Amino acid sequence: MNEKYIARSSAVASRVLDGEIVIMSALDSTLFSLSEVATIIWQAADGRTPLSEIVQRRICAEFDVTPEAAYRDAEAFVEDLACHGILRVANRPISDDEFDVAGVTAGASVPGAASKT
Amino acid sequence: MSLMQELNRKALRLGVPLSVHLDVTYRCNEHCEHCYLDHDDHGEMTTAEIRGLLGELADAGVFFLTLSGGEPLMRRDCFEIIEYARSLRFNVKLKTNAVLIREKEARRLRALGVEQVQISVYSHRPEVHDGITKLPGSLNRTLAGIGFLRAAGLKVTLANVLMRSNSRDSNGVQTLAAGLGAHYTLDPTITPMMDGGTSVLRLRLPASELGEVFRNPNLVGDVESFCAPPAPVDDDVREGLPCSAGHTACYVSPYGDLYPCVQFPLPCGNVRRQKFLDIWRNSPQLAEVRSLHGKDLTTCSSCTHLGSCTRCPGLAYMEGNMRGPSSADCEKSFVRTGIPSAGMLARGRTTLPAPGLVQIQPL
């Protein structure tokens with residue numbers, strides 16, 4: 001399995017409100033409200049921790065889910081957030097200054113996140 | 001319910017100031033004839049003070065941050081402020097005249113992740129726009145700035161304040177916006193000066209021309225619906241709040257003064273002397289603003305327009321009573337529907353004065 005690394009985009013605004021994260025993309029002004037699991041992945045997206053480790057340590061440890069199913073869902077989630085320019089996904093660790101705010105495309109719906117343009 | 005409505009409802013329930021409008025300066029390179037500000041610098045907050053304030057706002061839960069002025073780019077540290085705000089993950093909207101924006105500035109705003117830029121454009125005709133701004137060549141410079149912003153990929157909104165001198169130009173500005181790939185928003189509100197001066201109110205659009213605006217489908221959409229008689233007032237309306245001012249939003253001046261809204265000059269505290277959250281939570285003035293519900297309003301509580309009026313508590317405050325009617329909004333409701341407001345009836349009027357004598361009431 002190719003390891004995946006995820007980093008939060010510098011082009012988004014985010015705030016924790018009543019324990020939930022609200023995110024707005026500066027690229028397409030889409031507003032997202034993340035579910036509990038999605039919030040965990042978002043907060044752990046530091047560009048250095050592999051996605052598999054985030055799933056194992058943060059999700060499988062807290063929720064009754066198999067590692068395979070959790071990873072599959074997490075992978076779909078991060079790919080979809082990447083389509084909105086909210087996360088960057090790479091096969092190697094991502095440094096803080098790597099995210100190109102213009103280099104993204106808008107796209108699919110995001111499992112685990114409600115959105116409204 | 002949309003996510004934005006959910007967000008606002010949650011912020012209201014939690015007492016979170018979701019949106020803050022921060023004017024970083026009142027200085028400006030334009031001197032618009034209708035502007036309500038004193039452009040002299042009477043001791044703006046320093047860079048360090050603004051950084052400290054932004055940290056407090058982030059801690060308080062502020063998500064939407066509007067940076068404006070004056071002309072915010074008149075501050076040499078404007079980009080430093082924006083950069084710091086973005087590092088704190090605010091959704092940043094910049095209000096500017098774009099005169100000082102060239103390719104470099106536009107690209108930097110984009111790189112910083114500014115969500116949108118709102119730019120005042122008064123007319124598509126240079127002689128009219130420049131006549132209002134008192135800055136020769138300003139329309140061409142503003143349009144060039146908008147071009148750079150659009151080329152950089154930024155979302156731009158053209159804000160078209162309508163008044164006597166540009167009353168015929170809304171369609172022209174709308175066409176201009178479409179050509180630039182920008183959004184368009186229209187505002188026929190001229191606000192009294194922050195110091196209470198009312199001289200600028202003479203510039204307000206006459207009622208006859210306001211009526212034309214309200215019946216222009218390009219500006220209001222479905223005219224029949226927009227100008228329809230108000231729906232009966234129900235308990236939701238009577239229990240409802242006038243607007244977000246003081247509830248989920250507030251305004252901070254370049255001098256650190258906190259008000260419920262940029263259009264509501266009721267001093268509630270100063271962030272140089274108090275923590276932002278202390279003022280937000282404990283200001284008696286904000287408590288009074290928050291106590292206002294439709295049913296509590298003087299005169300307006302019995303008005304047929306209560307549920308649909310754009311009544312601004314700030315404009316009412318500037319007329320002497322935040323619980324009372326705002327005559328400008330009474331006029332809008334009347335011009336829109338042909339039905340006199342309770343405020344007009346209380347003043348013994350069922351018609352508006354002839355154009356030229358104006359709708360404006362002495363404050």
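How many bridges join strand β2 of chain A to strand β3 of chain A, and in which sense do the two strands run? Six bridges join β2(A), residues 12–17, to β3(A), residues 20–25, and the two run antiparallel. Please keep in mind that this is a predicted model, with an ipTM of 0.80 and a pTM of 0.89.

- Chain B has a mean pLDDT of 92, and 96% of its residues reach 70 or more.
- Within chain B, the pLDDT falls below 50 over residues 353–363, a stretch that has 23 contacts in the model beyond near neighbours in sequence.
- For chain A the mean pLDDT is 81, with 80% of its residues at 70 or more.
- Residues 100–111 of chain A stay under 50 in pLDDT, and the model has 29 contacts for them beyond four places in sequence.
- Where pLDDT is low, the predicted coordinates should not be read in detail.

**Chain A: two hairpins**

- Strands β2(A) and β3(A) form a hairpin with two residues between them. In its turn, A:Asp18 has a positive phi of about 55°.

**Chain A: the three-stranded sheet**

- An open sheet of three strands has the order β5-β1-β6 in chain A, with antiparallel pairing.
- Its edge strands are β5(A), residues 46–50, and β6(A), residues 87–90, each of which pairs on one side only.
- From one strand to the next, the twist averages 25°.
- Strand β1(A), residues 5–8, pairs with β5(A) in the antiparallel sense over two bridges. A:Tyr5 has A:Pro50 of β5(A) as its bridge partner.
- Helix α2(A), residues 51–60, lies across β1(A) and β5(A) and runs at about 70° to β5(A).
- Helix α3(A), residues 67–83, packs on the sheet too, touching β1(A) and β6(A). Its direction makes about 120° with that of β6(A).

**Chain A: how the two helices meet**

- α2(A) and α3(A) pack at an angle of about 120°, and their axes are 10 Å apart. That angle makes α2(A) oblique to α3(A).
- The crossing of these two helices is right-handed.
- On the α2(A) side, the contact is made by A:Leu51, A:Ser52, A:Val55, A:Gln56, A:Ile59 and A:Cys60. From α3(A) come A:Pro67, A:Ala70, A:Tyr71, A:Ala74, A:Glu75 and A:Val78.
- By class, this contact has nine nonpolar, two polar and one charged residues.

**Chain B: the nine-stranded sheet**

- Nine strands of chain B form an open sheet in the order β6-β5-β4-β3-β2-β1-β7-β8-β9, with mixed pairing.
- β6(B), residues 183–187, and β9(B), residues 269–270, stand at the edges with a single partner strand each, so one side of each is left without a neighbour in the sheet.
- Within chain B, strand β3(B), residues 91–96, and strand β4(B), residues 116–120, pair in the parallel sense over four bridges. The bridge partner of B:Thr96 in β4(B) is B:Ile119.

**Chain B: a helix pair**

- Helix α2(B), residues 47–60, and helix α3(B), residues 78–87, pack at an angle of about 20°, with their axes 10 Å apart. Angles under 35 degrees count as roughly parallel, and these two helices are therefore roughly parallel to each other.
- α2(B) passes α3(B) in a right-handed crossing.
- B:Thr47, B:Ile50, B:Arg51 and B:Leu54 of α2(B) make the contact with B:Glu80, B:Ile81, B:Tyr84 and B:Ala85 of α3(B).
- This contact has five nonpolar, one polar and two charged residues.

**Where the chains touch**

- 20 residues of chain B are in contact with 18 residues of chain A.
- On the chain B side, α1(B), residues 3–14, and α4(B), residues 103–111, each supply at least two residues. The largest share, six residues, comes from α1(B).
- By class, the side of chain B that touches chain A has ten nonpolar, five polar and five charged residues.

Notes. Residues are numbered from 1 along each chain as its sequence is written. Chains are lettered from A and ligands numbered from 1 in the order in which they are written. This is a predicted model: local features need pLDDT of at least 70, side-chain atom pairs count only at pLDDT 80 or more; totals for chains, interfaces and linings use all residues. Two strands pair if DSSP finds at least two bridges between them. Axes are lines fitted to C-alpha atoms, for helices over the stretch in contact, and angles run from 0 to 180 degrees between N-to-C directions. Two residues are in contact if their C-beta atoms, placed from the backbone, lie within 7 Å. Angles under 35 degrees count as roughly parallel, over 145 as roughly antiparallel, 65 to 115 as roughly perpendicular and the rest as oblique. A crossing is left-handed if the near helix is turned anticlockwise from the far one by less than a right angle, and right-handed if clockwise. Ala, Val, Leu, Ile, Met, Phe, Trp, Tyr, Cys and Pro count as nonpolar, Asp, Glu, Lys and Arg as charged, and the others, Gly among them, as polar. pLDDT is the predictor's confidence in each residue, from 0 to 100.
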